[in-house]
Amino acid sequence: MALDKATVARIAALARIKVPEAELGALAADLSKILTWVEQLNAIDVSGVEPMTAVAHAKPPLREDKVTDGGIRDKILANVPETAGGFFVVPKVVE
Amino acid sequence: MSLNALTIAETRDRLRRKEFTARELAEAYIRAMEAARPLNAYLVETPERALAAAAQSDARLQKDEALPLDGVPVAVKDLFCTEGVETTAGSRILGGFVPPYESTVTANLWRNGALMLGKVNLDEFAMGSATITSARGPTENPWRRKGDNRPLVPGGSSGGSASAVAVHAALAATGTDTGGSIRQPASFCGIVGLKPTYGRCSRWGIVAFASSLDQAGPMTRDVRDAAIMLKAMAGHDPKDSTSAPVPVPDFEKAVGQSIKGLRIGIPKEYRLDGMPKEIDALWQRGIDWLTAAGATTVVISLKMTPYALATYYIIAPAEASSNLARYDGVRFGLRVPGETLDEMYENTRGQGFGAEVRRRVLIGTYVLSAGYYDAYYLKAQKVRTLIARDFDEAFKTCDAILTPTAPSAAFAIGDKMDDPIAMYLNDVFTVPVNLAGLPGISVPAGLSADGLPLGLQVIGKAFDEETTLRVAAVLEDAAGFEAVPAFLAGAA
């Protein structure tokens, strides 16, 4: 699959990554090359094969549904880029 | 002999005989860590913390109440969260992040008496095979080609770990392996690297890359040390539902046991076109060594092998794009301002991620996006089923599998940079093991024509690290690998 610059810009917007206009062309070429390479899987017949969604060599145990952690607001906020009054601060989202 | 040249097993025994103290050992390693700075293996050095832990080890050793790893100085891959010590995953986006908690695997090590020397470099978010994509610059391999002083890569992504252990600036290191990130750098640096069965070690507190593939493991000077480290690192953890509730055996007991009668599978699909002759020759030597030790070999077919890399490069980026969504400039790490919330996200992630991480997040986003999910992601998951099935079938006729670890020796810093796919091919022999969730170990087995270490890989059945280690120890004995790198920091 060859991706054009517009498609790369759309994926980048979905991934919330700003890509400078000047880099879109080279990135489109890189991504196209990788996608074309992985398309070798098209040669494989997978009809009737279940997808492997996880490695499950051992059955995960059940645990009680109870609170085991909490009350650590200051620890959670210790690495916050911008905080005020015990809250995360983000740009205004409601007009 | 320098203290830094001893293995964990030797160190443990001599500390208990009080031939030297944990403090003396820690000081020797702190000096070596400083001497090794030109390699850029350590990102953060924590000598005070090491000395404080050594004092506690000495107190226990004095009372003959030593813990299994008392005094063992360990380098921690900077993907493990360490309480109070900066953890960046080699990324600008986590610059300055100081975790308020400790990963389960490192906590297990400290509980067993090991001490932390510092945090070591890696490819950004563990995405790479050369430790060249870190925001903190590349790490060098202490080995050099004969008659050529150009710096070489240590492999990756656990390249800081491998380099630190090889140069004797750490007695052991933690690594993580998503597609070969423990075994390939171990091969490039002439050390042992063990990726355990998926679920053997807890992933809690390890910065996530691809959650269905990531697994922590030890990187050490020899096979016995890998067994000792794994016992301390492993075990079920209620905080990671994918960590397996199975007993942790005394892996060290497997080292030195006979392999008489074991059946060793030799996968015919691993004989690649264009593979260097010396890799093929090394593989044949490995087969001969195991046969001489009483094992029998059987040719097996892992017929989906040619498709493993392509499968991996859909699944791993897909999981990464999801895992890395958490870096949003709101809760931790870098924040680059923007007018709106979306602009802030885009600016932060645009400036915070390096080129390879950006590439993989975009590939992952694409293969998961509406209209392409079935063609790429679902298809890859189905091929993954077939790859795992190949191993299931093979293990009906063999007890362990022998392969080369990597298709080449270490290459120069700067090589393979222009072509992501050429870089991805480094992991051709290791990736299938992650896709199937099996244990694999790389053992240094010989030198290339230009004097660089080459590893052989042993792959085991799920949760059968013991047979894996047993076979690895026989290879190690037969190979008698005693070459040392051009530069040893602990030689004084």
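## Salt bridges between the chains

A salt bridge is a side-chain nitrogen of Lys or Arg within 4 Å of a carboxyl oxygen of Asp or Glu. In this predicted model, 4 salt bridges are counted between chain B and chain A. One of them joins the side chains of Arg16(A) and Asp342(B), with a distance of 2.9 Å from N to O.

Polar contacts between the two chains are counted as well. The rule finds 17 residue pairs in polar contact across the interface of chain B and chain A, with both residues at pLDDT 80 or more.

## The side of chain B that touches chain A

Which helices of chain B each supply at least two residues of the side that touches chain A? They are α9 (308-323), α10 (341-352), α11 (355-368), α12 (373-394), α13 (420-424) and α14 (431-436). The largest share comes from α12(B), with 12 residues. Sorted by class, this side of chain B has 40 nonpolar, 17 polar and 14 charged residues.

## Extent of the interface

The size of an interface is often given as the accessible area lost when the parts come together. For chain B and chain A the buried area is about 5200 Å², and carbon and sulfur atoms give 70% of that area. The contact involves 53 residues from chain A and 71 residues from chain B.

## Chain A

Chain A contains 3 helices and 2 strands. Their order along the sequence is α-α-α-β-β. Chain A is more spread out than a compact globule, because its radius of gyration is 23 Å, well over the 12 Å that the globule rule gives for 95 residues. The C-alpha trace of chain A spans about 55 × 45 × 25 Å along its principal axes.

Of the 95 residues in chain A, 28% are buried. Among the contacts in chain A with a separation of 6 or more, 31% are between residues 24 or more positions apart.

## A covered helix in chain B

Is helix α5 of chain B, residues 159-166, mostly covered or mostly uncovered? This helix is mostly covered, as 8 of its 8 residues are buried. The buried residues of α5(B) are Gly159(B), Gly160(B), Ser161(B), Ala162(B), Ser163(B), Ala164(B), Val165(B) and Ala166(B).

The cover over these residues includes the strands β1 (42-45), β2 (73-77), β3 (115-120), β4 (172-176) and β6 (216-220) of chain B, together with helix α6 (183-189). Just after α5(B), His168(B) has a positive phi of about 70 degrees.

Terms used
Residues numbered from 1 in each chain as written. Chains lettered and ligands numbered in written order. Heavy atoms only, no water. Contact = heavy atoms within 4.5 Å. Buried area = accessible area lost by both parts, 1.4 Å probe. Polar contact = N/O pair within 3.5 Å; in protein donor to acceptor, adjacent residues only side chain to side chain. Helix = DSSP H or I, 4+ residues; strand = E, 2+ residues; numbered from the N terminus. Nonpolar A, V, L, I, M, F, W, Y, C, P; charged D, E, K, R; others polar. Rg over C-alpha atoms; globule rule 2.2 N^0.38 Å. Buried < 20%, exposed > 50% of the residue type's maximum accessible area, 1.4 Å probe, protein only.
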